[in-house]
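Please look over the sequence and the structure below. The paragraphs after them go through strands, cores, pockets and a disulfide in turn.

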Amino acid sequence: MAQATTYEPSIGVSFPSEIAGLTFQGRTAFPQKALGVAIEYTGSDRGMRGALYIYNGGLASVPADVDAPVVRKHFEQVIADLKAWDGTGKVRMTQVVGKTERTTTFAGCGPQFIVREFEIDLPEGTLASASYLTTMKNNFVKLRVSYMKSAVQGPQAAQKFVQQVRQLLGGCQ
C-alpha cells in the first residue's frame with residue numbers, strides 16, 4: 001500500500017493514497033456527527049469504486065461483535081436503504097444477489113464483515129455492488145465496493161480491495 005493520505009481519529013487508522021490499485025479521492029466529514037465520515041477510492045477500470053463509511057449512527061455504544069443484535073439490525077437498515085434506491089429515478093432496479101446476508105470467514109488478521117451483494121441496473125450498464133459492515137472502536141465501519149459487471153477483472157479487484165482494507169483495519173503487517 002502507498003503512503004498515508006488521511007488519518008481517521010475515530011478508529012485510529014491512517015488511510016493510504018492507494019489501496020489495491022484504487023486511488024484515494026477524499027475524506028468527507030458529514031455535518032451530523034452520527035453520520036461520521038466517508039473515505040472514497042476510485043479505480044480506472046469501468047466504474048471501480050470503494051468507499052468506507054465510519055460512524056456511530058447516534059448510538060452511545062456500538063458492540064464489537066458483528067453478530068450482536070444491534071449490529072444485525074443496523075445492517076438490515078443499511079440494506080433497506082440500498083433497496084430503496086429502486087424507484088427513486090436514480091436506478092432502474094436493485095436486485096439482491098443470493099438469499100441472505102452472510103458473515104465473511106476470512107483467514108488471518110483483520111475483522112470479519114456482514115456482507116450482501118447487489119446488481120443495480122444503470123443507464124450505462126449493470127453495476128455489481130456489495131455492502132460490508134463491521135464494527136471497530138465504538139463505530140460502525142461500512143465498506144461499499146462497486147464495479148461495472150462487464151469489467152472482466154471486477155470481482156478480483158473488488159476482493160483485493162476488501163482484503164487490503166480488512167488488513168488495514170486490523171493493523172496487520
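Two strands pair if DSSP finds at least two bridges between them. Helices (H or I, at least four residues) and strands (E, at least two) are DSSP runs, numbered from the N terminus. The model is a predicted one, in which local features need pLDDT of at least 70, side-chain atom pairs count only at pLDDT 80 or more, and totals for chains, interfaces and linings use all residues. Residues are numbered from 1 along each chain as its sequence is written, and side-chain values use heavy atoms, with hydrogens and water left out.

Strand β9 (residues 125-136) pairs with β10 in the antiparallel sense over 10 bridges, and Leu133 has Lys142 as its bridge partner in β10. The hairpin of β9 and β10 has 2 residues between the strands, and in this hairpin Lys137 takes a positive phi near 45°. Strand β6 (residues 49-55) also pairs with β10 in the antiparallel sense, over 7 bridges; here the partner of Ala51 is Arg144.

How many residues of β10 are buried? The count is 10 of 10, where buried means under 20% relative accessible area, exposed over 50%, and partly exposed in between (1.4 Å probe, protein chains only). In a regular strand the side chains alternate between the two faces of the sheet. On one side of β10 are Asn139, Val141, Leu143, Val145 and Tyr147, on the other Phe140, Lys142, Arg144, Ser146 and Met148, and both faces are covered.

Next come the nonpolar cores, each a set of buried Ala, Val, Leu, Ile, Met, Phe, Trp, Tyr and Cys residues joined through side-chain atoms within 4.5 Å. The largest has 30 residues, and Phe15, Tyr41, Phe161 and Leu169 have the most contacts inside it. At least two residues of this core come from each of β2 (13-16), β4 (22-29), β5 (37-42), β6, β9, β10 and α2. Helix α2 gives the largest share, 6 residues. Another core, of 20 residues, lies apart from it and includes Val62, Val66, Leu82 and Leu127.

Pockets are found on a 1 Å grid over the protein atoms alone: a pocket is an open set of points where a 1.4 Å probe fits, with protein on both sides within 12 Å along at least five of seven lines, and lining residues have an atom within 4 Å of a point. Grid points are joined across faces, edges and corners, and a volume is the space filled by probe spheres set on the points. The largest pocket has a volume of about 300 Å³. Of its 14 lining residues, Leu35, Tyr55, Val78, Asp81 and Lys142 lie nearest the centre. Two or more lining residues come from each of β6, α1 (69-83) and β10, and α1 gives the largest share, 5 residues.

The second largest pocket has a volume of about 200 Å³. It is lined by 15 residues, and Ser10, Lys33, Gly36, Ile54 and Asn139 are the closest to its centre.

Last is a disulfide, a pair of cysteine sulfur atoms within 2.5 Å. Cys109 and Cys172 form one, with their sulfur atoms 2.1 Å apart. Cys109 lies in the loop between β7 (93-103) and β8 (114-122) and Cys172 in the segment after α2 (154-170), so the pair ties together parts that are 63 residues apart in sequence. The torsion about the S-S bond of Cys109 and Cys172 is about -95°, so this disulfide is left-handed. Cys109 is partly exposed at 39% relative accessible area, and Cys172 is partly exposed at 22%.
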